[in-house]
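Here is a friendly walk through one model. Please have the viewer open as you read.

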Amino acid sequence: MSLLDRHRAVMPTWMPVYYGDDALEIVAGSGRRVTDAAGRSYLDFFGGVLTTMVGYDIAEISDAVRAQVGTGVAHTSTLYLIRQQVELAEKIARVSGIPDARVFFTNSGTEANESALLFATNLRRSNQILAIKNGYHGRTFATMAVTGHRSWSSSSLSPLTVHWLASADRLRGRMAGLSDSDLIDAAVDDLREVLATVSAGDVAGLIAEPIQGVGGFVAGPDGLLGAYRKVLAEHGILLIADEVQTGWGRTGDHFWGYQAHGVTPDLITFAKGIGNGFALGGVVGRAEVMNAVPAISFSTFGGNPVSAAAGNAVLDYVLSHDLQGNAKRVGSVLLEGLRSLSYDIVGEVRGRGLMIGLEFMRPGTGEPDPVATLRVFDLCRAGGLLVGKGGLYGNVIRIGPPLTLTEDEAREGLAILTDAIATADAESRIA
Ligand code: PMP
């Protein structure tokens, strides 16, 4: 029995696995490349899901993790002092941009957001949360409730009362075609209208991704969160920035996605890349909000020594190698290369740093084209390039490589992508 058949026989049906019947088993990695079980090498433009942020088998990170495992105590529990955890918390507090910040570690982004929602709702004594359509925040009851993406909403049962704001999608819906300043005005009107109508009494917080990740790398104009914040401040409503995909310099221009908006959030959630493959997430935020938990809240594994060793090594590496600068430089090579292509099926190339989305549309109609998207996705893999897929309509190719990507690798991936797009474009005209 193949590994895929065994997977299907033992895992639930709803678990997504890329490449269907041709599912990929990655068994080794080095730099920005991975090798599958058949010995085939791929250039990785997705890094899991922006997870392997620094790349594969980077000595500084592997050595730090090995040294920690080598102590003989992989982990007991967070009831005991963990030096690596405290050090990482100090570093994250320092880079957070939040004065007198506190940090709480979790094992995932879902738990990080669940915790942030716990803190905000406790402080504000309200279960009402504002969330943005097409956002993704996790898979627990509270985080699913604030996830505005139908494919990922597996239950309507919610501990929260959620009020929805329009997504800053410039291609479809009520924000389509608006200029930056008109979009910000429309978004603020939307927020005011929601607060004036559907919300009853106090709202605890607004949770937002600075760039929507799973939603297909959809970003509002710079300053949007700042404009929201002015209205939120009138009501004492907290701002939670979900930086699970946008943090640590990925966007090139900034260390955190929120910095494009002239605002400092009350809480920032993080996960994925900071562990570079090890399970690590958390919340960093204002002490007053972080401390607003009336009982004990404990995670056995959150910030365990091995994950925290990885986190420390990753953050040190990101800062000492200026990976933010690399994301900006190499990201602009990719963005310019992709923008210079002219194929009818490519409706939009958007992005910032090493977070780039390609939106596929049916030529002439502007309708989302998930079929062409899937074709490009599969052709990339056949050509030796891993990319991601996403978007509300499944019509976005997501590019989120390790932040160490070199210019040569960017050009190599660009050539494979271009071939894939050219083929899918030609096929779409025959079909
Ligand atoms: N927030 C965002 C923005 C995410 O992209 C994700 C994961 N796709 C999560 C939260 C949830 O993280 P995890 O899968 O680690 O629970």
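## Helix 13

Helix 13 (residues 407-430) runs for 24 residues and spans 35 Å between its first and last C-alpha, close to the 34 Å expected at 1.5 Å a residue. That expectation is 1.5 Å times one less than the number of residues. Helices (H or I, at least four residues) and strands (E, at least two) are DSSP runs numbered from the N terminus.

The model is a predicted one, in which local features need pLDDT of at least 70 and side-chain atom pairs count only at pLDDT 80 or more, while totals for chains, interfaces and linings use all residues. Residue numbers start from 1 along each chain as its sequence is written.

Which residues of helix 13 are buried? They are E409, A410, G413, L414, I416, L417, A420, I421, A424 and D425; buried means that 20 or more other C-beta atoms, placed from the backbone, lie within 10 Å of the residue's own. Their packing partners are strand 3 (41-44), helix 11 (323-339), strand 13 (346-352), helix 12 (370-382) and strand 15 (385-386), with contact set at C-beta atoms within 7 Å.

## Helices 4 and 10

On the helix 4 side, Q84, Q85, E87, L88 and K91 meet P305, A308, A309, G311, N312 and L315 of helix 10. By class, this contact has 5 nonpolar, 4 polar and 2 charged residues. Asp, Glu, Lys and Arg count as charged, Ala, Val, Leu, Ile, Met, Phe, Trp, Tyr, Cys and Pro as nonpolar, and the others, Gly among them, as polar.

## Around the ligand

The ligand is surrounded by 16 residues, the closest being S108, G109, T110, G213 and V244; the cut-off is a backbone-placed C-beta atom within 6 Å. Helix 5 (residues 109-124) gives the largest share of this shell, 3 residues. The shell divides into 5 nonpolar, 9 polar and 2 charged residues.

Technical notes
Buried ≥ 20, exposed ≤ 12 C-beta atoms within 10 Å, placed from the backbone. Contact = placed C-beta atoms within 7 Å.
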